[in-house]
Amino acid sequence: MISWKVKNDYLVKTFELSSFTECVDLLNEVTDIAEELQHHPDVSIKDYKYITFKLRTHDADAVTDQDWQLAKAIDDLQRSLS
Ligand SMILES: C[C@H](O)[C@H](O)[C@H]1CNC2=NC(N)=NC(=O)C2=N1
């Protein structure tokens, strides 16, 4: 699995899943953790099965530990759903 990369000042990862539904299911799970952490990703779904998360701490105008914490949580959720 491709790991998170810093691109244009965002921490970014694209997951190739099996379907649009799997992308939406992952996003629904991420919603809960984002609310818990009060830290929210930018999200896009492209070509029905590629979901991209872009993380950045707006308050700090940088990638911070909070982004890495959310990134790890997204990886854990994705693993738990697969
Ligand atoms: C008050 C609240 O905690 C902040 O506005 C949070 C909300 N969610 C956030 N999400 C992200 N990605 N970056 C932030 O700086 C941020 N700030």
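**Talking through the model: ligand shell, core and helices**

Modeller: This is a predicted model, and around its ligand sit Q38, H39, H40, R56, T57, H58 and D59.

Biologist: What makes a residue part of that group around the ligand?

Modeller: The C-beta atom has to lie within 6 Å of the molecule. Q38, H39, H40, R56, T57, H58 and D59 pass that test. By class, that shell holds five polar and two charged residues, and no nonpolar ones.

Biologist: How do you know which two are charged?

Modeller: Asp, Glu, Lys and Arg count as charged, so R56 and D59 are the two in the shell.

Biologist: OK, on to the core. What makes L11, V12, C23, L26, V30, I51, F53, L55, L70 and I74 a nonpolar core?

Modeller: They are buried residues of nonpolar types, joined through C-beta atoms within 7 Å, and these ten make up the largest such set. As for I74, leaving aside neighbours within four places in sequence, its contacts are V30 and F53.

Biologist: Why do you say the buried residues of α1 line one face?

Modeller: The buried ones in α1 are C23, L26 and V30. Looking down the axis of α1, they fall within an arc of 65°, so they line one face of the helix. That buried set packs against β3, β4 and α2. On the other side of α1 you find T21, N28, D32, E35 and E36, which are exposed.

Biologist: How do you know the length of α1 agrees with what a helix should span?

Modeller: Its 18 residues should span 26 Å at 1.5 Å a residue, and the end C-alpha atoms are 25 Å apart, so the two agree.

Biologist: And α2, what is its reach against the expected value?

Modeller: α2 has 17 residues and goes 24 Å from its first C-alpha to its last, close to the expected 24 Å. Its buried residues are D67, L70 and I74. Down the axis of α2 these fall within an arc of 65°, so they too line one face. They pack against β2, α1 and β4. The face turned away carries exposed residues, namely D65, K72, D76, R79 and S80.

Biologist: What makes the phi values of N8 and Y48 worth a look?

Modeller: Most residues other than glycine have a negative phi. N8 is not a glycine, yet its phi is positive, about 50°. Y48 is not a glycine either, and has a positive phi of about 60°. Q38, which follows α1, also has a positive phi, near 50°.

Biologist: Last one: how do you know D61 is exposed?

Modeller: D61 has 9 C-beta neighbours inside 10 Å, so it counts as exposed. D61 lies in the loop between β4 and α2. From L37, D61 is 24 residues away in sequence and 18 Å away in space, C-alpha to C-alpha.

Definitions and conventions: Residues numbered from 1 in each chain as written. Predicted model: local features only at pLDDT ≥ 70, side-chain atom pairs only at ≥ 80, totals over all residues. Buried ≥ 20, exposed ≤ 12 C-beta atoms within 10 Å, placed from the backbone. Contact = placed C-beta atoms within 7 Å. Helix = DSSP H or I, 4+ residues; strand = E, 2+ residues; numbered from the N terminus. Expected span 1.5 Å × (residues − 1). Arc of directions from axis to C-beta.
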